[in-house]
Amino acid sequence: MYYIDPDQNLRIDLKPGMQHLTGKQAEGLVRMRHCYVDEDYGRMDTQKQFLIAVFDQVLDKVSITNLPALIKTMFTYVDTNFKVTDIPMAVSVLSSIDTNNIKTHTIPSRPADIGGISYVIHDQAGTDELIYSIWYPERTDNTKEAITWGEY
């Protein structure tokens, strides 16, 4: 990925293959879209992969020895209503997650160029179908009429 945009003070220069990224490189990775045939959609897929990789890295680093440093960093840089007393349960839940079983979905949409600006236009019918397939995989087309948004 190579891209320079002086107007945004953005420089992306990443080599192919697995690597550890700096914060600046990670920002470039998740912002880049011009290297993909389908631009925004390619970027969305990369962003999903990136988040799972970050999650893997965080889980890999969580241990009794470095937990205090991670907690201090979190409470220094993250504004949250999460309490220190919530940490044991959170560590237990997080450590039980297998990122190989994480399923991600992209809300159905279509690209559009309106007045020279690129947009992603939401597809409500496609979203309804996606939700049905995730939450009600056993239902058929005939039973969809009975489901309302209130059931979600």
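The structure holds 6 salt bridges, a salt bridge being a side-chain nitrogen of Lys or Arg within 4 Å of a carboxyl oxygen of Asp or Glu. Side chains of opposite charge can pair when their charged atoms come close. The model is predicted, so local features need pLDDT of at least 70 and side-chain atom pairs count only at pLDDT 80 or more, while totals for chains, interfaces and linings use all residues. Residues are numbered from 1 along each chain as its sequence is written, and side-chain values use heavy atoms, with hydrogens and water left out.

**First stop: helix α1**

Please select residues 23-31, which form helix α1. Helices (H or I, at least four residues) and strands (E, at least two) are DSSP runs, numbered from the N terminus. Within helix α1, display the side chains of Lys24 and Glu27. These two form a salt bridge, and their closest N and O atoms are 3.6 Å apart. Lys24 and Glu27 are 3 residues apart in the helix, so about one helical turn separates them.

Is Lys24 buried or exposed? Lys24 is exposed, its relative accessible area being 54%, whereas Glu27 is partly exposed at 32%. Here buried means under 20% relative accessible area, exposed over 50%, and partly exposed in between (1.4 Å probe, protein chains only).

**Second stop: helix α2**

Select next residues 40-61, helix α2, and find Asp45 and Lys48 inside it. The two residues are joined by a salt bridge with 3.7 Å between the closest N and O atoms. They stand 3 residues apart, about one turn of the helix. Asp45 has a relative accessibility of 37% and counts as partly exposed.

Remain in helix α2 and select Leu59. This residue is partly exposed, with 23% relative accessibility. Which residues does Leu59 contact, leaving aside its neighbours within four places in sequence? They are Leu94, Ser95 and Ile97, where contact means heavy atoms within 4.5 Å.

Select Lys83 and Asp86, whose side chains meet in a salt bridge of 4.0 Å, N to O. Lys83 is partly exposed, with a relative accessible area of 49%; Asp86 is also partly exposed, at 27%.

To finish, select Arg11, Asp13 and Lys15 together. A network of salt bridges links these three residues.
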